[in-house]
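Please go through this structure by question and answer.

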Amino acid sequence: MVRNKYAVVVIDMLEDFVYGALKNDRAKRIIPNIAKLLEFARAKDWLVVYANDAHLPGDPEEKVWGTHALAGSPGAQVIKELDPKQGDIVLGKRTYSAFYETGLDLLLRQHEIKTVILVGQHTHICVRHTSADAFAKNYTVVVLEDCVESFSDKDHREGLSYLKMCYGATTTTVKKLLK
Ligand code: ZN
């Protein structure tokens, strides 16, 4: 089954990333915006993919961030406000990029998707690494400014600038997209 040409990739909107080990109050502002986007995307039959940290003990990131989002733990669950629905795809990842050893590229090619719409956390880390791989694999990268967040406004702003400068990312907002 070939979906429409767009995929929304929801990155790390997990219990540990909003409320737990890597708690980020700034993430709360993007939850309703992502919810609106997902409702729209599902109605349009766009592919919705969750790229979720699902770490194993000893993963390289533990050295930098400490233990978080261990596979199968409550902290690795998608926050209930953004629960995956039937037809969505949920992929686990063990490093920053949603493409790294996750099968995401094959999935997107199966659905003949050319454009990825990236949302979630963090603008300057996992969204950035995912954008890098999307760019290298020749996808068009769209990032919704009101659906991504970082630990600080500076990290968020600089993250967005980098995506535009380095990967030719289009940045827009969910409000504009849904018009
Ligand atoms: Zn991680």
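Q: Is Glu61 buried or exposed?
A: This is a predicted model, in which local features need pLDDT of at least 70, side-chain atom pairs count only at pLDDT 80 or more, and totals for chains, interfaces and linings use all residues. Residues are numbered from 1 along each chain as its sequence is written, and side-chain values use heavy atoms, with hydrogens and water left out. Buried means under 20% relative accessible area, exposed over 50% and partly exposed in between, with a 1.4 Å probe and protein chains only. Glu61 has 5% relative accessibility, so Glu61 counts as buried.

Q: Which residues coordinate the zinc ion?
A: Donors are N, O and S atoms within 2.8 Å of the metal (3.2 Å for Na, K and Ca); water is not among the atoms, so sites may look incomplete. Along the chain the donors follow the spacing D-x1-H-x5-E-x6-H. At 1.9 to 2.1 Å, the zinc ion is coordinated by Asp53 (OD), His55 (NE2), Glu61 (OE) and His68 (NE2).

Q: Why does strand 2 count as largely enclosed by the rest of the structure?
A: Strands are DSSP runs of E, at least two residues, numbered from the N terminus. On one side Leu47, Val49, Ala51 and Asp53 are buried, and on the other Val48, Tyr50 and Asn52. Strand 2 (residues 47-53) is therefore largely enclosed, the buried count being seven of the seven residues.

Terms used. Helix = DSSP H or I, 4+ residues; strand = E, 2+ residues; numbered from the N terminus.
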